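Please look over this structure with the report below. The text goes from strands to aromatic rings, then to single residues.

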Amino acid sequence: MELNIRRIKEDDYQKIFVLTDIHGRFDLFEKIMEKIDLKKEDLLLILGDSCDRGKFSFELYNWYEKMIQKGYNIIHLMGNHENMLFESISDENTRLNWLYNGGNVTIKSFFEHQTEEKTIDEYWKNNKFYEEKWLFNFIEKMPHIIESENHLFVHAGIDFSKNLEDQEIKYLLWTRDDWYKKNNTGKIVYYGHTPQKDISIKNNCINLDSGCFSTDVLRCVELKEKKLFVLKNNNVKIEKFDIKQIKKKLTEERKEERKKEYEKLIEDYKEYIIDLENKTDKTKKDEQNLLEVKENLKKLIRLKRILEK
């Protein structure tokens with residue numbers, strides 16, 4: 001498979017919706033799409049990994065195919081799970097790795113939408129899954145990177161030390177290093193692959209992966225009107241997607257979390273100091289530990305005060 005880069009013009013679309021890592025959760029996807037109310041003038045971008053783990057992989061890809069046939073603008077990027085699925089047709093090691101990482105659930109999803117084979121074992125042993133040509137054609141055409149005037153879209157990350165044309169596919173689909181620190185493009189990068197409790201915004205790189213398979217939370221950003229759709233507790237909430245405000249909110253939340261961590265450590269240190277001071281047969285090592293702990297306690301108290309400012 002060769003590197004596939006697709007370039008788009010943002011002005012070609014009325015709205016641009018972005019979401020990622022749906023992993024077979026068509027039940028969640030359907031609810032958020034009802035709220036979005038996608039039009040043929042819009043663009044829907046999925047940043048990879050619609051298959052595996054969740055029960056409804058067939059329903060997702062079938063929905064994409066039917067909507068594209070009806071004239072809707074949908075671009076699905078290659079994710080590491082689509083890549084494993086695609087490569088599993090010819091590579092036994094990849095096939096085993098894919099099955100272990102949720103591919104078995106995808107096979108079951110497709111088996112349930114056919115009538116030729118009576119059991120899933122027959123469906124698999126007779127290679128009927130690999131006869132789903134429409135699926136493999138759909139995956140084969142998936143871009144690895146999408147570039148627009150103001151944005152880059154990718155599944156896992158980008159090696160900014162290389163031109164886009166020189167990127168390694170494995171890196172684009174699998175990386176979990178700190179690639180975002182080196183974003184020197186002047187563009188906002190949207191990606192997924194690594195689940196986050198909250199939206200992660202670092203150096204203009206925004207991770208939308210909410211780990212929806214296990215969290216039941218799915219996020220979608222609309223770029224033109226700057227809206228954030230969040231499906232949580234079976235309810236879709238729409239918020240203004242202001243990157244600066246979100247970064248500020250996340251910073252404040254992290255400060256509060258650190259403050260609580262410091263408070264807990266301070267209490268633990270105080271208890272430890274009391275225990276050591278009340279010890280009747282203190283050794284030289286105990287005395288040394290006592291001095292070190294008291295010094296560390298002072299540092300923690302100073303750090304807590306800095307956070308409170």
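Two strands count as paired if DSSP finds at least two bridges between them. The model is predicted.

## A hairpin

Strands β11 (residues 227–232) and β12 (residues 235–240) run antiparallel and share six bridges. Together β11 and β12 form a hairpin, with two residues between the strands. Lysine 232 has asparagine 235 in β12 as its bridge partner. In the turn, asparagine 233 has a positive phi of about 55°.

## The six-stranded sheet

Six strands make an open sheet in the order β1-β5-β6-β7-β9-β8. The pairing is mixed. β1 (5–7) and β8 (200–202) stand at the edges. Each has a single partner strand, so one side of each lacks a neighbour in the sheet. From one strand to the next, the twist averages 20°.

Within this order, β5 (residues 145–147) and β6 run antiparallel and are joined by three bridges. Isoleucine 146 stands opposite phenylalanine 153 in β6. In a regular strand, side chains alternate between the two faces of the sheet.

## Histidine 155

Histidine 155 lies in the loop between β6 (151–154) and α7 (169–174). Its relative accessibility is 0%, so histidine 155 counts as buried.

Two polar partners can be named for the histidine 155 side chain. One is the backbone oxygen of leucine 47, reached at 2.8 Å. Another is the side chain of histidine 193, with a polar contact at 3.3 Å.

## Aromatic pairs

A pair of aromatic rings is described by the distance of the centres and the angle of the planes. The structure holds 23 such pairs. In one of them, the ring centres of phenylalanine 110 and phenylalanine 129 are 5.5 Å apart. The planes of phenylalanine 110 and phenylalanine 129 stand at 90°, so the pair is edge-to-face. Phenylalanine 110 belongs to helix α4 (residues 92–111), and phenylalanine 129 to the loop between α5 (120–125) and α6 (133–140). The pair therefore ties together parts that are 19 residues apart in sequence. Phenylalanine 110 is buried at a relative accessible area of 0%. Phenylalanine 129 is buried too, with 0% relative accessibility.

Tyrosine 130 and phenylalanine 136 form a tilted pair, at 5.7 Å centre to centre and 40° between the planes. Tyrosine 130 and phenylalanine 136 are both buried. One aromatic cluster is formed by Phe58, Phe86, Trp98, Phe110, Trp124, Phe129, Tyr130, Trp134 and Phe136.

## Helices α2 and α6

How do the axes of α2 and α6 cross, and at what angle? The axes of helix α2 (residues 57–69) and α6 come within 11 Å and cross at roughly 75°. Angles of 65 to 115 degrees count as roughly perpendicular, and α2 and α6 therefore fall in that class.

From α2, the contact is made by Phe58, Tyr61, Asn62, Tyr64, Glu65 and Ile68. From α6, Trp134, Leu135 and Phe138 take part.

## Two aspartates with positive phi

Most residues other than glycine have a negative phi. Which residues depart from this here? Aspartate 21 has a positive phi near 50°. Aspartate 21 lies in the loop between β2 (16–19) and α1 (26–36). At 3% relative accessibility, aspartate 21 is buried.

Aspartate 49 also has a positive phi, of about 65°, although it is not a glycine. The loop between β3 (43–46) and α2 holds aspartate 49. Aspartate 49 is buried, with a relative accessible area of 2%.

Note on methods: Residues numbered from 1 in each chain as written. Predicted model: local features only at pLDDT ≥ 70, side-chain atom pairs only at ≥ 80, totals over all residues. Heavy atoms only, no water. Helix = DSSP H or I, 4+ residues; strand = E, 2+ residues; numbered from the N terminus. Buried < 20%, exposed > 50% of the residue type's maximum accessible area, 1.4 Å probe, protein only. Polar contact = N/O pair within 3.5 Å; in protein donor to acceptor, adjacent residues only side chain to side chain. Axes fitted to C-alpha atoms, helices over the stretch in contact; angles between N-to-C directions. Phe/Tyr/Trp six-rings, centres within 6.5 Å; stacked < 30°, edge-to-face > 60°. Parallel < 35°, antiparallel > 145°, perpendicular 65-115°, else oblique. Contact = heavy atoms within 4.5 Å.
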